[in-house]
Amino acid sequence: MSAASVALEPMRLALVGVPNCGKTALFNRLTGSRQKVANYAGVTVERKEGSFVGPSSGQRYRLLDLPGAYSLTPTTLDEAITRDCLLGRLAGEAPPERVVCVVDATNLRLNLRLVLELRDLGTPLLVALNMSDLARDRGVRLDLQRLEQELGVPVVETVAIRDGGERALLERLEALPPPAARPAAEWLDPTFEQIQRTQREVRRILHAAGYTEPARRRALQRLDALVLHPVAGPAILAALLFFVFQAVFSWAAVPMALVDAGVTWLGAALQASIPPGALNSLLVDGVIAGAGSVLVFLPQIMILFFFILLLEDSGYLPRAAYLLDRMMGSVGLSGRAFIPLLSSFACAVPGIMATRTIPNVRDRLATIMVAPLMTCSARLPVYALIIAAFIPNRPVGAFNLQGLVLFTLYVAGIVAAMLVAYALKRTALRATYHPLLLELPEYKWPNLRNLMLGLWERLKIFLQRVGTIILALMIVLWFLSSYPAPPEGATGPAIQHSFAGMIGRTLEHVFAPLGFNWQISLALVPGLAAREVAVGALGTVYSLSATGDEVAATLVPMIAQSWSLATALSLLAWYVFAPQCLSTLVVVKRETNSWRYPVIMAGYLFALAYLAAFVTFRVASALLT
Amino acid sequence: MDVGQAIIAGLIVLTAVVYVAWALMPAALRLRLAQRLAADARRTGRPAWLVRAAGAIERNARRRLGGCSDCSAAQPAPVPPKRLDTD
């Protein structure tokens, strides 16, 4: 093998560090990726891979971003991935040839134990002193050369969130000697005495390097005193969440009207330009009425994610976890469950994967089982559709009634999750309470680039879903709703005689006690693939059910005319528990390595959804007649 | 014209059915099918575009977990560490 061909072989490089030290930000900076970053620990729970080319040598690097770990002795699943990857214990994955240990310059005491353990592994190591600008601002003093001497490995300053903040790292990386061929390192978990010795060594090195702890600004101390106050803290948290849900409705009105107008215009243009026939119906009733009715909710989803990303980047979320620890503890959940449950507001799938940061198996299982009760973003179009059709858009004091109802639905999901967790932790998943140990990150002004990238990613994900699985399902549903053609002399819309009509009428027997008509019953089926598909399915089914002038009308007025208020409330109650999401069930199977838990989850969610919708429909029918 | 529209609509529906089946099938089965498709395409004599397309399908199948694009980067779940607290 020639030297040139060796240089073309990608070098395996791993990014390691304690949680929330900026590994993923550095990974994104080096590889040009857009992996999720946030200002709290536990964002990365699996290894992520990217590549880049060394600017001077032309050497290709295969870069692994590993989950945060405080040491090579794991207590959680995500830390185990890091250790196993570094030691070459992952099947089909060779150990890295070089390691970059990212350390938080503002908190070196916590970071250096891992550096010393990595150094002992013998893999060529480079230390990236990240957030060095922040450390300097806070008055941290450090003799970099002395630190390098004491550690015996190169140390370089980086600012992962700034353009060019990785330049010095790349220069030193390229200058590292090629790794020597050697057998894989053996690693034995250290004894208590060995850990104590390492901690003493950390203190000695920091003292020798003249390291001074950063001074905390008084304003931030005061802010924490307020935000973490036992009375003011929860009040601030409630006010913040309340504001977010108000904004989701009031700020989205204009952009939603614009998207709606665009979708309606496109439908009318297609209707006018293609002669009546199968293709015309497919495009107008299937694609535009189906996928278009989901697309209308894009502004609301973007506004919700704007606030979530803002809170993530600011450092507020771990403080919210601290505030809610007592409440979580009272139902038997670990405080560490907060971040996975919060992630579930976006989608239950990453939320369930984030439970890898929970060390106790029973706590982890309980969190997995309740994660789907958090209101994921896919439910938002369903809620927004029904609220827009049935809840008047009028002020209630300083608030908007529609926003209040949406807030109530989110709270209902949280309360349901707490009650289920309470029941689980008192019965099948009984475990002792583990107090929350959480590192509170420093407050930061949200990074505009991160915010925009995060929103862009959400936009892409949503549009990709609408353009792929939702669109495809709408086309299939259009076919099922259009064929077979009605028999000669049949009256009423043709859809009633179609496959979809037959399926809907069969399902109606099951869901009639909840007040659901055959169209709603049918829409629940494609909703198994993704919950928001139910909105598109209603769009297609109602578009094909309509006749004459009604064809041009959008979904909101159609369902407002067809459903009773009791039915609408019943469907909202159903969706608080909504068991239909195949991806969630699949990921539960994968994370628990058993079919038992997804089966139990689907069963209990279906039972709760049915019960809640039944009670809501009966009570609402009695009160409203 | 009606027949032409019906043929185009039929092809679109067929494509959608294949995509839905592909997207919603279990990840392991999808990966096996994609690998088989890529291996078949790599046999000599196949057009280059087919080899490239099959390779892209295989890469996509490796990345995807299920019907949810949020979790497209998901890797297999790790083996629990030995010292997990199990009460």
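Author: Let's begin with what counts as a strand: helices (H or I, at least four residues) and strands (E, at least two) are DSSP runs, numbered from the N terminus. Two strands pair if DSSP finds at least two bridges between them. This is a predicted model, where local features need pLDDT of at least 70 and side-chain atom pairs count only at pLDDT 80 or more, while totals for chains, interfaces and linings use all residues. Residues are numbered from 1 along each chain as its sequence is written, chains are lettered from A and ligands numbered from 1 in the order in which they are written, and side-chain values use heavy atoms, leaving out hydrogens and water.

Now the sheet. In chain A, six strands make an open sheet with mixed pairing, running β2-β3-β1-β4-β5-β6. At its edges sit β2 (48–53) and β6 (155–157) of chain A, each pairing on one side only. On average, neighbouring strands here are turned by 25 degrees against each other, direction ignored; axes are lines fitted to C-alpha atoms, for helices over the stretch in contact, and angles run from 0 to 180 degrees between N-to-C directions.

Zoom in on one pairing: β1 (residues 11–17) and β3 (residues 60–65) of chain A run parallel, joined over five bridges.

Follow β1 of chain A onward and you get to A:N20, in the loop between β1 and α2 (23–31) of chain A. Phi of A:N20 is near 60 degrees, a positive value in a residue other than glycine. Most residues other than glycine have a negative phi, and most peptide bonds are trans. A:P484 lies in the loop between α20 (448–482) and α21 (499–511) of chain A.
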